[in-house]
Amino acid sequence: MTHDIPAMALQVRQALTGLGFCYQCKDGSLVEVSFKGLQRAGDRYAILELDPHRLPPRVSIPALESDRVLAHLSAVVGFPVKRLNTVGLSYVVCFERAPKAAPMPARALLSPRPEGMPYAWPFGVDRAGRQVWQSLDKTGHILLAGQTGSGKSTLLSLALVSLFDQHGPDELQALLIDPKAVELAPFAGLPHLAQAVAVTPAAASSAVGWLVQEVDRRQALFAGAGCKNLAGYNARAGQPLPRLLVVIDEVVSLVLGGWGGVRAEPYRALVDAAVRARAFGVTLVFAGQSARADVLDLVREQCGVKLALRLDTPYASKAALGVTGAETLPAKTPGRMLAAGLTPEGIETLQGFYLPEAELEARLATLRGRLPSPLSEQERVFVTYAARDLGGAFKVQVLYEAFKGSDWHMSWPALRKLAERWELRGWLTPQANSATARQITPELLRVAGLDLAGGQAL
């Protein structure tokens, strides 16, 4: 059988251009990868020798010979494409049909996490049916993008349910930012939350401020203990620290619409925290429907894992993953197909884990029902008194005097610190000045098991 080698070379060049291995000149023309030699080696091989002296700017030979690129070229040409071990770079096309890829599983029901893997994040199932999980100890930060209806919210919700099911609030805490006030609303009030779910730009800014303080605090603790990671610190410390998971949903909309752009102080603080946080047991998840390079470029390189469901354009795919391809994913599948960059080697396609909505809600209800209250009985007494007798005002001095000498007595400094901590969590309103009292929020009433009509127990 005769094979048209120049036609194959053209396919390879066009495929490399589609992967971004090209350079656009000011006049709109493209500088593409070119070949300086094409030859046949018997009936079994063709050799395509690239011209290393005419590579487009910012295109390197190591990038052109990665496993991801070779797999893509093999799919385009229809034959296995390998690298010839010579000086420069030559592709070898083997005239043996590449084995047909196994079909993607139609659905991947969420299964129990692998044994011995703490803080396991569920990703999905590959073509071989292998379940893919990774520990947050290994992932680094996570970037998750997907257009409306692609299943991003489902994947995010089942991952949170799975993680909260694995670890109690003493081992895992979460800081959730949800500008739409919809996607993460079912998690409100769980004892795992370090603060109430932030649903406004101002609340999100406050949450980022708390995050920066927490990273600073952990950095000082780790330095004092001479530790380099969370496991090492917890092995030495008398009071172990929980892993902290920070989820920022609709990050692009928040930065551009809520905070006013990438130069805004909250976003700059968030990027700074992302750079330092991983070393101190903090994992950030940046999620959203829109993928804008001007926003995501600042955080993408901090993310060890990049995930994309179906995206609108190749540009959105490149903003999220660093490469095109997510725009070719099916718009609707029985499960949730995603392109996952789980290793530095490249991108693989997975069928994302799936749970029916009714089962997801049932798991969340079970989780909520079996977790202990985040308040001690003493703290619940203070909340009840403030709601019933003080009109919702958390007046430290009044509470101190009311319970002085009783079984529920707490010192004035301890009460003041409790109020400050609850203010940071969003359970008390900020104190305008020293003459005004903080007010109990509906979130704190709900956590304490009180209704909103007068502090009566539910």
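A crossing of two helices is called left-handed if the near helix is turned anticlockwise from the far one by less than a right angle, and right-handed if clockwise. In this predicted model, the crossing of α14 and α15 is right-handed. Local features need pLDDT of at least 70 and side-chain atom pairs count only at pLDDT 80 or more, while totals for chains, interfaces and linings use all residues of the predicted model. Residues are numbered from 1 along each chain as its sequence is written, and side-chain values use heavy atoms, with hydrogens and water left out.

**Helix crossing**

- The axes of helix α14 (residues 396-403) and helix α15 (residues 412-425) come within 9 Å and cross at roughly 135°, which makes α14 oblique to α15.
- Angles under 35 degrees count as roughly parallel, over 145 as roughly antiparallel, 65 to 115 as roughly perpendicular and the rest as oblique.
- Axes are lines fitted to C-alpha atoms, for helices over the stretch in contact, and angles run from 0 to 180 degrees between N-to-C directions.
- Helices (H or I, at least four residues) and strands (E, at least two) are DSSP runs, numbered from the N terminus.

**Cavities**

- A cavity is a set of points on a 1 Å grid over the protein atoms alone where a 1.4 Å probe fits but cannot get out, and lining residues have an atom within 4 Å of a point.
- Grid points are joined across faces, edges and corners, and a volume is the space filled by probe spheres set on the points.
- The lining of the largest cavity divides into eight nonpolar, no polar and no charged residues, where Ala, Val, Leu, Ile, Met, Phe, Trp, Tyr, Cys and Pro count as nonpolar, Asp, Glu, Lys and Arg as charged, and the others, Gly among them, as polar.
- The second largest cavity has a volume of about 30 Å³, and its lining divides into five nonpolar, two polar and two charged residues.

**Positive phi values**

- Most residues other than glycine have a negative phi.
- Arg58, which is not a glycine, has a positive phi of about 65°, and Arg58 counts as exposed at 76% relative accessibility.
- Tyr119 has a positive phi near 50°, and Tyr119 is buried, with a relative accessible area of 12%.
- Buried means under 20% relative accessible area, exposed over 50%, and partly exposed in between (1.4 Å probe, protein chains only).

Note on methods:
On a 1 Å grid over the protein atoms alone, a cavity is a set of points where a 1.4 Å probe fits but cannot get out, and a pocket is an open set with protein on both sides within 12 Å along at least five of seven lines; lining residues have an atom within 4 Å of a point.
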